[in-house]
Amino acid sequence: MIEVAVFFLHGLAYAGLLFLVSSGLTLVFGMMNVLNFAHAAFYMLGAYFAYSMLQMTGSFWLCLAISPIMLLLLGAVVERLLLRKVHVLGHVHELLLTFGLAYIIQEAVKWIWGTNPQAMTVTGFLADTIKVFGITYPVYRLFVFGVSVILGLFMALVLFKTRIGIIVRAAVDDSSMVSALGINVPFVFMGVFAVGAALSGLAGVTAGPLLSVFPGMAGAILVDAFVVIVVGGMGSLGGAVLASFIIGELQSFGVLLFPKFSLALIYMLMALVLILKPEGLFGEKQ
Amino acid sequence: MINYRRQFLVRYGMPLLFLLMLGLPFILSRFHLRLMTEAIIYSLYAVSYNLLLGYAGLLSFGHAMFFGVGAFFTAITIKHTAGMPFLGVVALATLFTTLVGLTVGVLLLRVKGTPFALLTLAFNALFFAVGTKWHSLTGGDDGLSLAPPPIDLGFMMVNTTQGVNIYYITLLLVGLAIAFCWYFTKTAMGQSVLLMRENEERMRFLGYNTNVTRLILFTFTGAMAGLAGSFYALFNAFVSLDAVSLDMTTKVLLMTFIGGAGNFAGPVLGSFFYTYVQDFLSDLTDNWPLIMGLLFIGMVLFAPGGLSGLIRDMADKFTRRTNKEE
């Protein structure tokens, strides 16, 4: 019983991380119709920025605040200087661009920080353990889940309850109408992409102490995040929440129940969704 | 005018190139002959990829799964069967990849556009994961080494481990496969692929089943990539998980796009360029992938036609005076 509870909590922590990564991915896809293949690379960059900052300052909270801002700026620059340029050439070029960007970031990270995994250690109460359901459990894993819950609520609030959310959603549906109303639509898109990048940065910082920081971390999360947005429905925030939870727990209990096939489980889930409901659980029909 | 020139190129340029390449073993060192063989194999891989990307407008991030399946099937067949002939192995590997392509295609082609691109990547990751985990079959991280069987010509045995021999065999057979891909683009089937890219709705209106067209094309390109993979295994006498990795997919993307996805010769040019530039750069720096990536981004941003597009633009500039009315 205790074992089940532990694995459930492990699953929650991973689900939280998955949501942190896939929320930005699905936001950018839902709002701009661009699948950002460099998203996981941004996430890795966020983790490495945090790692270097932690070395210099020693404060994890500072990393948590600054690293997403750095990624926000990077995202804005990428959108303004690169992505917008190839937008006229069509979808294939946008995907190719982000794919190439991911490749470059990957290589640059290896060049700058080396290929060895680096540990990120947190201090203070985050490094402690806490008693939940009668078991001692590391606070940091619960913290990851907590961050994802707060972020999810915040995103839902901004998107569905504020003026900014209305403008962004309207810009997706009918950009020429929104621009006729005097709103700078290209700026809105730049903002969305930048926020998406910032979210990946946040995910990266959070993942650092959990998984340690290494050049393969982008590839390790990319496929899982893709499966999340396929299963949840591309562009759907609610779908990302549900799918993150399912896949996080599936991964965790998969290791417990079928250690040999745990890797295949999420692919089987994805194949199942593709056969039964190609648009995903919460997705709109194409 | 341009069509005229291209016809001229195909009719005389290609056979001439083939003859030239027949003479290469007399000039090149053993090392450069190996590079040349590798570039020919990659050419088929990239040409098959371009049929998807350039001709059908289908962006796939999973082409390495077919390349890898072809390579591993070849290695495993040779390991477990004694006395299987060279061509038999290649044919079986291609057939098997065809079946894999058909199965994967049925699943993947349920979606289009961006979700398709994403799913091809996920399937590539699945194939890689299976390769890693199924240690008893694929050798896992250690890979598999194999002994390429000799070819029995009836009157003599051709040793396929020798550099010159494998070069000629590759030039002939892989060259034939590339020519077949070219022929494919000229058939009614190949032309309907172009039509599908330009106006799918209209094509359906005319009574074509575009889903079947797409599936046939996807399967065909998979088979050709599998053939390339099979030769890759035989040429190296070794297969590692690299063959089915995302890096191998990235490689074909870079080669196709640097060479130019818009026309048939582009990927061939790209493969040769990539192979030789990689060889050149890796002597200078360990960070050659970074340079290759920057080149790729540069092409996407400034020269969407790739190297072949640049060459064509230049050729047009020089001949502009003669065909002003165009």
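**Confidence.** I began with chain A of this predicted model, where the mean pLDDT (the predictor's confidence in each residue, from 0 to 100) is 87 and 99% of the residues reach 70 or more.

**Ground rules.** I noted that residues are numbered from 1 along each chain as its sequence is written, and that chains are lettered from A and ligands numbered from 1 in the order in which they are written. Local features need pLDDT of at least 70 and side-chain atom pairs count only at pLDDT 80 or more, while totals for chains, interfaces and linings use all residues.

**Fold.** I found 11 helices and 2 strands in chain A; these are DSSP runs, numbered from the N terminus, with helices being H or I of at least four residues and strands E of at least two. Along the sequence I read α-α-α-α-β-β-α-α-α-α-α-α-α for chain A.

**Burial.** I looked up how much of chain A is buried (20 or more other C-beta atoms, placed from the backbone, within 10 Å of a residue's own): 49% of its 286 residues.

**Meeting chain B.** I saw that the contact (C-beta atoms, placed from the backbone, within 7 Å) takes 32 residues from chain A and 33 residues from chain B. On the side of chain A that touches chain B, α3 (60-87), α4 (91-113), α9 (217-232) and α11 (262-276) of chain A each give two or more residues. The most come from α4(A), with 14 residues.

Technical notes:
Contact = placed C-beta atoms within 7 Å. Buried ≥ 20, exposed ≤ 12 C-beta atoms within 10 Å, placed from the backbone.
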